[in-house]
Amino acid sequence: MFTINSIGAKVFEDTMDDFDIIKSIIDTDSKEDPFYILDVADIVEKHRNWITKMPRVFPHYAIKCNSHATVIKVLADMNTGFDCASEQEIEQVLTHGVSPERIIFANPTKLPAHIRFAKKVNVRMTTADSESELLKIKDLFPEAKIVIRIRCDAKVTQVCFGTKFGCDPNEEAVGLIRLTKSLGLTLHGFSFHVGSPCGEIAAYSRGIAACKRLIAFAKTIGCNEVQMIDIGGGFPGDTGTDIDQFAAVINEAIEDIDSSIKIISEPGQYYVSSAFTLASCLHTKKTLLREEKLIKMYYITCGVYSSFIDELLKLKSRIPVTLCVPERCETFASSVFGPTCDSLDCILKDVLLPEFEIGDWLVWKDMGAYSIAAACPFNGFLPPSVFPFVRKRQWTEITEFINSLPRSEKNTD
């Protein structure tokens, strides 16, 4: 049942903004450890937006992006599917009452033990992009529903999955279709992932067109069980972004696909990026002279090993704001470091920031994607805790929306 307790959230007054909520948590718990606030309404609004703009594309949330229990519970109660890559991820989703039919085991190179587990719990839909993977599945889980993953890279993307996964969509894919049939396996569909985040929306059209061609070929050799196209992820989720352009391109590309073919996707950061805001305390400050330039050196209570892997990998460079009032307008060359004894634990290097003081709380927006999921307790510093919340008016709207969803598809836990 979907209740405030079931998602572990606290209700705040409508008048309280994010800063007010952060201050309330700091004052109540006398905290100096870092923490996230999780806006449950943000996730719900993302889903409402998705099903309104792409009603035919059934989302399977990629839990590798953020596997916090509240995220999974909220999405499960909104009838989404889930993209899992391991035994542990499948098991975690199943504990929330999600039926196996709503899970795709979307790892093209699976551990044998994990395939055996998928068979045990009846998660049949799974991806493959090579002959060896098909042979492995034939040996361990011949009842599986095979989804052949092809390569379709966006021309602009930070993370290109095609360097690791996906077969050539022409001769190689045709060969895997033939092998699937000869092995007596069920060919369920085709999938691709354009990369993340996707900076070339037309890539979805190319991938969908390739899948349509492969479905047509599969039917010519008697593979009549094909029922699905999986368009993967790559959808942005930061504050202020929308999926209008993505929806326009994808809806047009799938318009002439027979209704018997189900269209699914694997969004991750779309759902969680803007829902999480991080608060971290500044505990140490230095001012150094480097090459005749003054540098402000700040040290905060979380770093690249607990929240900022994107900064470690040079994928993002997020700028914080401070809870302190009034704003400090003058800026200085500054670097921000995490708490560990590793010099690589650097969040920002030589950027212009207002001057901060010891005891200031720095606030970082759009922290939901690949932060918690990639965190580790390196050097003894634990990952930040999470405080889910909703505002009173939003809670009423959320429950009304979830109760309006078809009862036959809801969780029963």
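User: In this predicted model, which residues are linked with K285 in a network of salt bridges?

Analyst: K296, E355 and E357 are linked with K285 in that network.

User: What makes E355 and K285 a salt bridge?

Analyst: The closest N and O atoms of E355 and K285 are 2.7 Å apart. The cut-off is a Lys or Arg side-chain nitrogen within 4 Å of an Asp or Glu carboxyl oxygen, so the pair qualifies at 2.7 Å.

User: Why say that E355 and K285 tie together parts of the chain?

Analyst: E355 lies in the loop between strand 17 (346–354) and strand 18 (361–364), while K285 lies in strand 13 (residues 276–290), so the pair ties together parts 70 residues apart in sequence.

User: Why is K285 called partly exposed?

Analyst: K285 has a relative accessible area of 21%. Buried would need under 20% and exposed over 50%, so K285, at 21%, counts as partly exposed.

User: How do you know that K119 and E143 form a salt bridge?

Analyst: Their closest N and O atoms are 3.9 Å apart, and the limit is within 4 Å, so K119 and E143 pass. K119 sits in helix 5 (residues 112–121) and E143 in the loop between helix 6 (131–140) and strand 7 (145–149), so parts 24 residues apart in sequence get tied together.

User: Are K119 and E143 buried, exposed or in between, and what makes them so?

Analyst: K119 has a relative accessible area of 37% and E143 has 36%.

User: What makes R393 and E397 a pair about one turn of the helix apart?

Analyst: Both lie in helix 12 (residues 392–403), four residues apart. R393 and E397 form a salt bridge too, with the closest N and O atoms 3.0 Å apart. R393 is partly exposed at 46%, and E397 is partly exposed at 36%.

User: How many salt bridges does the structure hold?

Analyst: The structure holds 21 salt bridges.

User: Now the nonpolar side: which residues have the most contacts inside the largest core?

Analyst: F82, Y204, I231, I250 and W364 have the most contacts inside that core of 109 residues. Helix 8 (residues 202–220) gives the most to this core, with nine residues.

User: What does W364 touch?

Analyst: Leaving out residues up to four places away in sequence, W364 touches a list including F276, I300, F308, R318, P320 and V336.

Key:
Residues are numbered from 1 along each chain as its sequence is written. This is a predicted model: local features need pLDDT of at least 70, side-chain atom pairs count only at pLDDT 80 or more; totals for chains, interfaces and linings use all residues. Side-chain values use heavy atoms; hydrogens and water are left out. Helices (H or I, at least four residues) and strands (E, at least two) are DSSP runs, numbered from the N terminus. Buried means under 20% relative accessible area, exposed over 50%, partly exposed in between (1.4 Å probe, protein chains only). A nonpolar core is a set of buried Ala, Val, Leu, Ile, Met, Phe, Trp, Tyr and Cys residues joined through side-chain atoms within 4.5 Å. Contact means heavy atoms within 4.5 Å.
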